[in-house]
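Please keep the sequence and the model in view while reading.

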Amino acid sequence: MERKKEIKQPLLEIRDLFASTENLTILKGVNIKINPGEIHAIMGRNGCGKSTLSKIIAGHPSYEITSGQIELCGKDIEPLEPEERAQSGIFLGFQYPIEIPGVSNLEFLRVATNARRKFQKKEELDTFEFEELVKEKLDIVKMDSAFLSRSINQGFSGGEKKRNEILQMALLEPKIAILDETDSGLDIDALRIVASGIKKIANKNSGIILITHYQRLLDEIKPDFVHVMADGKIIKTGDSNLALELEKNGYDWTDEFINKK
Amino acid sequence: MVNENLVDNIVSEPYKYGFVTEIESEKISKGINEDIVRLISSKKNEPEYLLNFRLNAFKKWKELQEPDWADLGYEKIDYQDIIYYSAPKQKDKIKSLDEVDPKLLETFDKLGIPLTEQKRLTNVAVDAVFDSVSIATTFKEQLAEHGVIFCSISEAIKDHSDLIEKYLGSVIPASDNYFAALNSAVFSDGSFVYIPKNVTCPMDLSSYFRINSGDSGQFERTLIIAEEGSSVSYLEGCTAPMFDTNTLHAAVVELIALDDASIKYSTVQNWYAGNEQGVGGIFNFVTKRGKCIGKRSKISWSQVETGSAITWKYPSCILIGEESIGEFYSVALTNNLQQADTGTKMIHIGAKTKSTIVSKGISAGQSSNSYRGLVKIGSQAKGARNYSQCDSMLIGDKAAANTFPYIQSQQPNSEVEHEASTCRISEDQLFYLQSRGIEFEEAVSMMVSGFCRDVFNQLPMEFAAEADKLLSLKLEGSVG
């Protein structure tokens, strides 16, 4: 009998991705491959395309893929709506989580969790079952249950908003989580809470992309790969030492990649 | 962009109640004049005092001008092109529901208002009005045991003329405005409620208004009287078939609350709104007003306005009794080419009177939605207080929202507070919800119900659920 050869399929593979918004090309050939269990960091100056990349993966309607592919577990996600991408396991932790007045955080979390569970063919949770689950997850980000009865992100401090994002990540159990500057605007205690939450959620079956400017998040969560982005491309990839180098030398050297080609 | 394409692809939910019942009707000839007014009165075998009430109103109507101050644009209504009386043909005297034309019962069944003994709602008494007449009123006998009178206004005119004579037109006199005068002259039917002293009405009362005929107007008249220490919750629903012509609906609702009485009046208005091009739909010109005559009395209006091509409606409270309370909770949703100019008037006359106004306007498509409200504090209204909150939500970039608050105070020792806000459902908010796996349409309806929560909380429970559903149906395909 022929033994089936195990092919390790990447969770997320981005190939030669070009994307634009309002006729402005922002991504100019991005390549990344993320395998199960890996943590990647993407670093770079403001405006290098890091946030755009995260929004494009999540399916933001303002951006258009002009060429290249994004595959989740070997499946092209371009035709999928943002909600379908989320249901299939893509999670974007926003840099600026938006406030949605009037919509209860608890209800929102439940609807979102059930949408993901439905996709995974798991049973949907009723309000009581969900409250059990959410209470358990609240511990991960040290949030008080009072947050649940408030409107989504409304009146939350910067740190509370970011913790709420990680709470969502914990509930949705994504295959791939892209965390866009989750460390920005956090004091050192909040940063530790958020980082330890991410570490608790990380597992060998899922991948994480950390988008950040700073080393301090990476001190808490050690990445397997560090990518440096400039002018819509990844210009250098290395291990966690690359981040330390950046911390020491800054980004000036990346400028030579801009507008050259 | 992705969302816009998606929206284009969503087929709007057709209006569920747009069917016509094939039934033989007795209609009088088109147009209005003194003879028509007399004819309507004689068809209903009315006593003389009511004929005089009508004739007097007709005289006033001829002197009045159609109001044009509202932020509404529509083709001039030809009042001679309307049929003022249309009734399904039935046996002369119906003793029980068994004698009602099955087609009529079927119609109300289809609308979700079953009337027959076996099927009817157990916790709500219903007065079903079809075109110009009341078809049936359920639970009459059971209510009578508590002394509660719940019947069609035509019946009340015959059987309770003392109350009618005393109160009809006492809150909204025929000369009040053009549409009220017209209604007073030609009103055909409607509901009458009387709650005796110290009685809490044992169940919710409701009227369901159905316009079936395309060329006749509907002019119903409702009168609710709550005696000292009594209370009642009243619900009103309305639907109409889809016609490509406009049908005029000019109702008058009068509420009277004596000492310590309380009346809660809730409406879900879902008249046919016309199609996406703005063809057809009901012209809804309604005068609703309550008088808090008694001390510590309370009148609370809550409305969910989703239908009609044109809505012109300002349910109001006249707060006469000391410490009386007026409330107005409103959600008005307009889509496509609908226009709504709606709000309230809170007239504070007595001392320590209190009023609360919470208005939520949602405009989608190319619609226009205005809040217009007056808070008036009279010179005797020492210690009066008002709080108003008017929020508008815009969906898409072609819709319009306006707020016209008028505040007049003649009493320095009073408090008037007004808050207003406008928001737009932003692409980023939608994207946030979508990026958590929530479908686009559900995301919109979550945000809309969130926006309306303060008002929905005021509605009776079944009504609130219905209103929530109704809003999401109405909004399908409206966001881009």
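Q: In S12(A), which residue is the bridge partner of A:Val228?
A: This is a predicted model, and the pairing here is read from it. S11(A) and S12(A) pair in the antiparallel sense, over five bridges. In one of these strands, S12(A), the bridge partner of A:Val228 is A:Lys236.

Q: Which residue in the turn of the hairpin formed by S11(A) and S12(A) has a positive phi?
A: S11(A) and S12(A) form a hairpin, with two residues between them. A positive phi of about 50 degrees is found in that turn, at A:Asp231.

Q: Is S11(A) largely enclosed by the rest of the structure or left open, and why?
A: A residue counts as buried if 20 or more other C-beta atoms lie within 10 Å of its own. Five of the six residues of S11(A) are buried, so the strand is largely enclosed.

Q: In S11(A), which residue is the bridge partner of A:Ile42?
A: S3(A) and S11(A) run parallel and are joined by four bridges. In S11(A), A:Ile42 has as its bridge partner A:His227.

Q: Which residue in S10(A) is the bridge partner of A:Ala41?
A: Strand S3 (residues 39-43) of chain A runs parallel to strand S10 (residues 207-212) of chain A, with five bridges between the two. In S10(A), the partner of A:Ala41 is A:Leu210.

Q: Which strands of chain A stand at the edges of the sheet?
A: The sheet of chain A is open and mixed, with six strands in the order S6-S9-S10-S3-S11-S12. Each edge strand has a single partner strand, so one side of each is left without a neighbour in the sheet. The edge strands are S6 (90-93) and S12 (233-238) of chain A.

Q: At about what angle to S11(A) does helix H8 of chain A run?
A: Helix H8 (residues 240-249) of chain A lies across S3, strand S11 (225-230) and S12 of chain A. Its angle to S11(A) is about 45 degrees.

Q: How many residues of helix H1 of chain A are buried?
A: Helix H1 covers residues 50-58 of chain A and is mostly covered. Its buried residues include A:Lys50, A:Leu53, A:Lys55 and A:Ile57. Just after H1(A), A:Gly59 takes a positive phi of about 95 degrees. The number of buried residues in H1(A) is nine of nine.

Q: On the side of chain A that touches chain B, how many residues are nonpolar?
A: The contact takes 21 residues from chain A and 20 residues from chain B. Helix H2 (82-87), strand S7 (100-104) and helix H3 (105-119) of chain A each supply at least two residues of that side of chain A. By class, this side has five polar, three charged and, as nonpolar residues, 13.

Q: What radius of gyration does chain B have?
A: Chain B has 11 helices and 23 strands, and 56% of its 480 residues count as buried. A compact globule with 480 residues would have a radius of gyration near 23 Å. The value for chain B agrees with this, at 22 Å.

Note on methods:
Residues are numbered from 1 along each chain as its sequence is written. Chains are lettered from A and ligands numbered from 1 in the order in which they are written. This is a predicted model: local features need pLDDT of at least 70, side-chain atom pairs count only at pLDDT 80 or more; totals for chains, interfaces and linings use all residues. Two residues are in contact if their C-beta atoms, placed from the backbone, lie within 7 Å. Ala, Val, Leu, Ile, Met, Phe, Trp, Tyr, Cys and Pro count as nonpolar, Asp, Glu, Lys and Arg as charged, and the others, Gly among them, as polar. A residue is buried if 20 or more other C-beta atoms lie within 10 Å of its own, exposed if 12 or fewer, and partly exposed in between; C-beta atoms are placed from the backbone. Two strands pair if DSSP finds at least two bridges between them. Axes are lines fitted to C-alpha atoms, for helices over the stretch in contact, and angles run from 0 to 180 degrees between N-to-C directions. The radius of gyration is taken over C-alpha atoms; the globule rule is 2.2 Å times the number of residues to the power 0.38.
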